[in-house]
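I opened the notebook to look up a few side-chain arrangements. The entries follow in the order in which I made them.

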Amino acid sequence: MDSVAGSGLGDERDDTGDLRLGLVRTMMWAALGLVMLIRLLTAWQEGLAWTSVLSAMAPYPPMVLLLRQSRRSKPAFRSALLVSVAALYLLPFVLVGAHWDWLPWPLAVVALCAFRARVGWPLFALLLVATDVAGVRLGDGAVIACERAAKTAIDGIIVFGLYALAAMVAHLHATRGELARELLARERRRLDGELRALVGRHLRELERQSAQPLEAGARDDADSRLEAVIETARAALAEVRRAAGAYRETALPRPTTQAAPATPIVSPLAARWTLAGVYGCDALVVILEALAWFHRFWTLLLMVPVVVAAGAVLLVMRPSRRQTVLLGLILVPSAFPLGDVIWEFNFFTLLWPFFLGPVFTQYRRRDAWIVTGVAAVPYVSLFFYPPPLPNLAGIGGDVMSLVVLTWVSYSLIRLSQLVVVLREARRDLAREAVVRERTRMARDLHDLVSSSLSALALQGEACRRLLASDPVAAYARFAVLAELAQRARAELEALAVSPAVLRTDDEVAAALSVLESVGVRPEVSVPPDPLPPGVDAALAVVLREAVTNVVRHSRAGICTIAITSTAELVRLRVVNDGVASAPRAGVGAVEQGAGGSGLLGMAERTGGRVSAGPGAHGCFEVVAEFAARP
């Protein structure tokens, strides 16, 4: 009853995690609509009055509403819908009695989809028993009553299987977001506590040491205080660099036990059992219809082994090409050409969906459609031979049954794979979230806290050198140390909250202060208009790194900072005249694969083009270029 026909499912790749939620939900509603249409065609084929046909459709709207509701919806509303489905299903019995093709499949759908498994499946089994008993008491006979119960089970499991698939895909998509956020928050809390313990104590000590101003005339005391500040800053800087290096390692967290997903089917085996249930009910219908048409009980000895063999392959073997080939060898030749010898074997074409479904999951779209096209030829020919020829409604119902069953077979196989994908995704998300957060923390530690501590240590050294030549200037510069210590601690505390976002205006002001404090004369040229937000943050990161390198590595007397902005390009140029002591970073564009936290890693991280190296007239030059609209 199902064929993936026209669904586009063949376009999906083997990565079941890539199933689109909208497509899966469309599959479910389309299958539900086809089941409803099959019931209408059956009523038309039997020539039932429109009164019974329309009354039989009465439970469909509340059933659809119930499927659209979450289990977390208001209990009163869900209960009202449940009662409505049951009451409206009984309506045709009141109007026309039992003289209509009654199948309580809406009740079967509600039992499986509206209740949890421990309640839903017993209700489903009880409903099938009641259907069989009611059929016998209403004069159907044992064979027709069993066939009615089997068809009810088929329709109920069809909708349930697609409903479970939609729930699993929705849960997988939600997991990718919710679990990542949960793990990200957990990792941030852990790293925050670790950094506060390792680095925070040094920063608090720096704030305490620089809180009181230096006393005029107490040169020895000032020198010892400055030495203590410098040593503390260097110790903090060493801790920051050690932590940043450790966070770049991709060590995995200990695996945690994940709760089972809140979906109707939670294991691959459960999905295979559900598929086997659909197959078993459809196989029972095949055998019962063969008996009803030909009345030859001896053929059961031939049909049952074929049915059992295909069911065993479907249930026991994992979805694979080997399983698909075995199903084809069992089900296809037994119906065609053996059906020309034993007429009952023609009914095995009704089981072909359980071969075509695996074909679409294991083979490329083109190959799957070729197999389906070849199988369609003998299937369609059976509508015309052997006689009698069914009417148009009968042909339409049989074709749609093939489509829906192939569809459900495909979906339940994909569902069994999705359960595994979900488990793997949860483990992968744990790794991905932790590694990404550690990498981000390492970069921000370098770009923010390390730069601030470097500036603080250099400022302290400059103050110490000025004590002998210009004590007044040294005392004045000492006052800046407290501000730098506070900024470093604030930056450290902010790291665990969110990724650092710098502003170019702030970094230009900080660069002026730091350069002047170490005796470098800054020359700054910036555009009056604000930079684009995305470019502004990236440029600020490069500017801070470039200025830190000037202060740390060069003996510059002048440092020029120039920012130019056009409609297409934003350009930063930092030039200093201390190239003799500057490390050669290389000339030209930084390679995109360069990682790390220095200038050579800026291109990849900021999405721009960064170059650094000796320039003209004995200068060292850093140039960064960014698209104005990244």
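The model I searched is a predicted one.

Entry: a charge over a ring. I looked up Arg 148 and found its charged end over the ring of Trp 102, 4.2 Å from the ring centre. I then followed Trp 102 to its ring partners, and ring pairs link Trp 102, Phe 93 and Tyr 89 into a cluster.

Entry: aromatic pairs. How many aromatic pairs does a search of the whole structure find? I got 10. One that I wrote down is Trp 121 with Phe 124, an edge-to-face pair with 5.5 Å from centre to centre and 85° between the planes. I placed both residues in helix 6 (residues 117-137), where they are 3 residues apart, about one turn of the helix. Is Phe 124 buried or exposed? I noted a relative accessibility of 6%, so Phe 124 counts as buried. For Trp 121 I noted 31%, and Trp 121 therefore counts as partly exposed, since that value falls between the 20% and 50% limits.

I went on to Tyr 279 and Phe 354. I recorded both Tyr 279 and Phe 354 as buried.

Entry: surroundings of Leu 195. I located Leu 195 in helix 7 (residues 142-211). Its relative accessibility is 1%, so I counted Leu 195 as buried. Which residues does Leu 195 touch, not counting residues up to four places away in sequence? I listed Gly 200, Ala 243, Tyr 247, Met 441, Leu 445 and Leu 492. For Leu 445 I also checked the separation: 250 residues from Leu 195 in sequence, but 9.9 Å in space, C-alpha to C-alpha.

Entry: cysteines. I looked for disulfides and found 0 in the structure. I then checked the accessibility of two cysteines.

Note on methods: Residues numbered from 1 in each chain as written. Predicted model: local features only at pLDDT ≥ 70, side-chain atom pairs only at ≥ 80, totals over all residues. Heavy atoms only, no water. Helix = DSSP H or I, 4+ residues; strand = E, 2+ residues; numbered from the N terminus. Buried < 20%, exposed > 50% of the residue type's maximum accessible area, 1.4 Å probe, protein only. Contact = heavy atoms within 4.5 Å. Phe/Tyr/Trp six-rings, centres within 6.5 Å; stacked < 30°, edge-to-face > 60°. Lys NZ or Arg CZ within 6 Å of the ring centre and 35° of its normal. Disulfide = S-S within 2.5 Å.
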